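Please look through the model below before reading my notes. They go helix by helix, then turn to a few residues and a pocket.

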Amino acid sequence: LRDRDRHLARLWKPSPDWRDLDPAAAARLMTLSARRYETTRWPRERDALSAPSAEPAATWWRIMRSGAPIPSADRVAQILREIR
């Protein structure tokens, strides 16, 4: 879970869609993005040998590939607050 949390933290600030948002707002959008990836792309990409090249898909792939769950928006916000 520590690796998952690091991936989430690294994804937040560089992303033009999320970097200017407070942790709670960014977490909601990040969680929606992860759920969308999980239902649309993950079924096709789960057996790939490497992560997709573009973010945030690459991060979602890495987290899901590790077997770690995508946390709730509240937990993502807590993670983002901790690394602020």
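1. **Ground rules.** This is a predicted model, in which local features need pLDDT of at least 70, side-chain atom pairs count only at pLDDT 80 or more, and totals for chains, interfaces and linings use all residues. Residues are numbered from 1 along each chain as its sequence is written, and side-chain values use heavy atoms, with hydrogens and water left out.

2. **Helix H1.** Start with H1, residues 2–12. Helices here are DSSP runs (H or I, at least four residues), numbered from the N terminus. The buried residues of H1 are Arg-4, Asp-5, Leu-8, Ala-9, Leu-11 and Trp-12. They share the same side of H1, because they cover an arc of only 160 degrees around the axis. That arc is taken from the directions from the helix axis to the C-beta atoms. Arg-2 and Arg-10 are exposed, on the face turned away from the buried side of H1. Buried means under 20% relative accessible area, exposed means over 50%, and partly exposed lies in between (1.4 Å probe, protein chains only). The cover over the buried residues of H1 includes H2, H4 and H5.

3. **Arg-4.** Arg-4 touches Ile-63, Ala-68, Pro-69, Pro-71, Arg-75 and Ile-79, not counting residues up to four places away in sequence. Contact means heavy atoms within 4.5 Å. The side chains of Arg-4 and Asp-5 are joined by a polar contact of 3.0 Å. A polar contact is a pair of N or O atoms within 3.5 Å; within protein, one must be able to donate a hydrogen and the other to accept it, and residues adjacent in sequence count only if both atoms are side-chain atoms. Arg-4 and Gly-67 are 63 residues apart in sequence, yet their C-alpha atoms are 9.7 Å apart in space.

4. **Helix H4.** H4 covers residues 57–66. Seven of its 10 residues are buried, so H4 is largely enclosed by the rest of the structure. They are Ala-57, Ala-58, Thr-59, Trp-60, Trp-61, Ile-63 and Met-64. H1, H2 and H3 are among the elements that cover them. Gly-67 follows H4 and has a positive phi, near 90 degrees. Most residues other than glycine have a negative phi.

5. **A cis bond.** Check the peptide bond from Glu-55 to Pro-56: it is cis, with omega near 5 degrees. Most peptide bonds are trans. Pro-56 sits in the loop between H3 (42–45) and H4.

6. **Helix H5.** Within H5 (residues 73–83), Val-76, Ala-77, Ile-79 and Leu-80 are buried. They lie on the same side of H5, because their arc around the axis is only 160 degrees. On the other side of H5, Asp-74 and Glu-82 are exposed. The buried residues of H5 pack against H1 and H2.

7. **Ala-73.** Ala-73 belongs to H5. It counts as partly exposed, because its relative accessibility is 21%. Leaving aside neighbours within four places in sequence, Ala-73 is in contact with Ala-27, Arg-28 and Thr-31. Ala-73 and Thr-31 are 42 residues apart in sequence but 5.7 Å apart in space, C-alpha to C-alpha.

8. **Ser-33.** Ser-33 lies in H2. At 10% relative accessibility, Ser-33 is classed as buried. Not counting residues up to four places away in sequence, Ser-33 touches Trp-18, Pro-56 and Trp-60.

9. **The largest pocket.** Its volume is about 220 Å³. Of its 14 lining residues, Leu-11, Ser-15, Trp-18, Glu-55 and Pro-56 are the closest to its centre. On a 1 Å grid over the protein atoms alone, a pocket is an open set of points where a 1.4 Å probe fits, with protein on both sides within 12 Å along at least five of seven lines; lining residues have an atom within 4 Å of a point. The volume is the space filled by probe spheres set on the points, which are joined across faces, edges and corners. Which helix gives the largest share of the lining? H1 does, with three residues. By type, the lining has five nonpolar, four polar and five charged residues. Ala, Val, Leu, Ile, Met, Phe, Trp, Tyr, Cys and Pro count as nonpolar, Asp, Glu, Lys and Arg as charged, and the others, Gly among them, as polar.

Technical notes:
Helices (H or I, at least four residues) and strands (E, at least two) are DSSP runs, numbered from the N terminus.
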